[in-house]
Amino acid sequence: MNEKTHHCNALVIAGAGLLIEGASGAGKSSLTMGLLERAKMAGVSAFFVSDDRTILSVEKNKLIARPPEILSGQIELRGYGIVEYPNVSRAEISLIVKIVPDRELERMPKPHFKKTPGIMLPEIHVPERHEEASVRIIFAWLRDNNDQSISLAL
């Protein structure tokens with residue numbers, strides 16, 4: 001099993017593993033917390049995996065995310081610091097979420113795919129530092145591609 005550490009966050013919403021990528025300060029941790037909170041409010045299953053660094057490996061042709069042991073169960077809240085947050089030890093990744101500057105966000109994007117550690121996965125782009133809009137985009141993708149019971153009226 002070939003493992004590599006990547007600068008990204010990982011979580012699971014409604015059974016779909018998400019990797020959140022973006023530049024330092026783009027809002028990865030804030031978006032992760034926003035997704036977990038929104039899912040909890042809506043009664044949708046949600047699990048935190050890792051913040052800032054994620055170990056990725058390919059197992060049985062699936063991309064698997066794990067937290068580095070030293071960071072397991074910790075997430076950074078910008079303006080406050082590191083807090084403990086319950087997490088799971090692994091997730092099978094279904095979607096890559098890339099945080100991009102507003103000017104790079106397409107209004108009506110065509111489907112994107114990204115090859116990451118040898119696995120081709122769908123990728124969506126969300127606006128940098130616009131957590132509410134990003135949560136809506138991600139939940140729309142989840143509804144359309146994973147779980148029809150997810151409501152957009154969250």
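Mentor: Start with the term. A salt bridge is a side-chain nitrogen of Lys or Arg within 4 Å of a carboxyl oxygen of Asp or Glu. Side chains of opposite charge can pair when their charged atoms come close. This is a predicted model, where local features need pLDDT of at least 70, side-chain atom pairs count only at pLDDT 80 or more, and totals for chains, interfaces and linings use all residues. Residues are numbered from 1 along each chain as its sequence is written, and side-chain values use heavy atoms, leaving out hydrogens and water.

By this rule there are seven salt bridges. Take Glu92 and Lys62. Their side chains meet in a salt bridge at 3.9 Å, N to O. Glu92 sits in strand S9 and Lys62 in strand S6 (residues 62–66), so the pair links distant parts of the chain, 30 residues apart. Strands are DSSP runs of E, at least two residues, numbered from the N terminus.

Now turn to Glu59. Its side chain meets that of Arg66 in a salt bridge of 2.7 Å, N to O. Glu59 also bridges to Arg90, with the closest N and O atoms 2.8 Å apart. Glu59 lies in strand S5 (residues 54–59) and Arg90 in the loop between strands S8 (81–84) and S9 (91–100), so this pair ties together parts 31 residues apart in sequence. Glu59 is partly exposed at 21%, and so is Arg90 at 40%.

One more group remains. Arg38, Glu132 and Arg136 are linked in a network of salt bridges.

Methods: Buried < 20%, exposed > 50% of the residue type's maximum accessible area, 1.4 Å probe, protein only. Helix = DSSP H or I, 4+ residues; strand = E, 2+ residues; numbered from the N terminus.
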